[in-house]
Amino acid sequence: MTASPIASFPSSRPRRLRRTPALRNLVREDQLSANDLIWPVFVCDGEGVTQEIPSMPGVIRRSVDLIVEAAQEAVDLGIPAICLFPYTDAALKTDGCEEAWNPDNLSNRAIRAIKSAVPDIAVMTDVALDPYNAQGHDGIVRNGEIVNDESVAALVKMALAQADAGADILGPSDMMDNRIGAMRAALEDAGHIHTTIMSYAAKYASAYYGPFRDAVGASGALKGDKKTYQLDPMNAEEGLRCVARDLAEGADMVMVKPGMPYLDLCTRVKERFGVPTFAYQVSGEYAMIQAAATNGWIDGEKVMMESLTAFRRAGCDGVLTYFAPEAAKRINAGWE
Ligand code: PBG
């Protein structure tokens, strides 16, 4: 028996669609746009001041005047949002974390300055006590315990001060129980009905945050670890329960953090809840790519773009990344 001429040809040649840039562009399933990026930036005191962060090569702290310039740069690049992290002087850190809701603290001054000079950008904040806490924790510490409800009361004051200053997106990153509901109720009561909340919903107790803690000056202060409130890296179902809880309490958007090591969560969150889902490509992820690139072991620019592509493929609507301006430049220049 001779084989039929048709059967002797392969039925499928997927490489047909990979042959030319035009065909590849035509069938590309997803696109990364500058609109998908949120740029986390570090704010410090002074004027005209920049400070390097050794564990995050290429990232600097900027004084408020230069943060305003960075916000304008973001808008010019098509980046819709900037996220502020203050470097707080050790002298302002207390056990009660009072500086967190000072209307004139560094973060609130930066929000006002940006909103008055660059009104088009969305300003996101971090709602957690660690920059202001003498103990370095995201909640208030009493007798060695991170006390939940007292911390939530403090976080609500902090959130209100940020909303008063004009923040568009509040980012509670503290992982205390019931904080989203408490903040949402307080915002409604205060008339801040349009202030959005992007909760750090599935936030894991991760070693990838190391360089960030240097950047905000919290590494020296932290006593112990954050495992009694941040999630166990082994627990995906618990992460999903936290997302469900934050949505029920009034979060508008949710975040998975860290990003690349937790892409499974990104996909499951998007598939299960269908809500605006973000990932945070955290400081350690950034530092690893930069370190390998600096050593010439990888092509930093290509790995940067591929790493950001992964978040889109996993189902994220956007990503917080220290690469935001570099990536936006690359995208705007026509990246293939
Ligand atoms: C503070 C906060 C952290 C990060 C964002 N907000 C550190 C932490 O939880 O210890 C980490 C961001 C990064 O590593 O880039 N609650």
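Student: Where does K203 sit in the secondary structure?

Tutor: K203 lies in strand β9, residues 196-203; strands are DSSP runs of E with at least two residues, numbered from the N terminus. This is a predicted model, where local features need pLDDT of at least 70, side-chain atom pairs count only at pLDDT 80 or more, and totals for chains, interfaces and linings use all residues. Residues are numbered from 1 along each chain as its sequence is written.

Student: Buried or exposed? Talking about K203.

Tutor: K203 is buried, because 27 other C-beta atoms lie within 10 Å (buried means 20 or more within 10 Å of its own C-beta, placed from the backbone).

Student: What does K203 touch?

Tutor: Leaving out residues up to four places away in sequence, K203 touches S173, M175, Q230, L231 and K257. Contact here means C-beta atoms, placed from the backbone, within 7 Å.

Student: And K257, which strand is that in?

Tutor: K257 is in strand β10, residues 253-257. K257 also counts as buried, because it has 26 C-beta neighbours inside 10 Å.

Student: Which residues does the "active site" annotation cover?

Tutor: The unreviewed UniProt entry puts that annotation on K203 and K257. They are spread over 55 residues of sequence but cluster in space, with a largest C-alpha distance of 4.8 Å. Such annotations may be inferred rather than shown by experiment.

Student: Switching to the ligand: which residues surround it?

Tutor: Among them are D126, D130, D138, S173, R213 and K226, where the cut-off is a C-beta atom, placed from the backbone, within 6 Å of the molecule.

Terms used: Helices (H or I, at least four residues) and strands (E, at least two) are DSSP runs, numbered from the N terminus. A residue is buried if 20 or more other C-beta atoms lie within 10 Å of its own, exposed if 12 or fewer, and partly exposed in between; C-beta atoms are placed from the backbone. Two residues are in contact if their C-beta atoms, placed from the backbone, lie within 7 Å.
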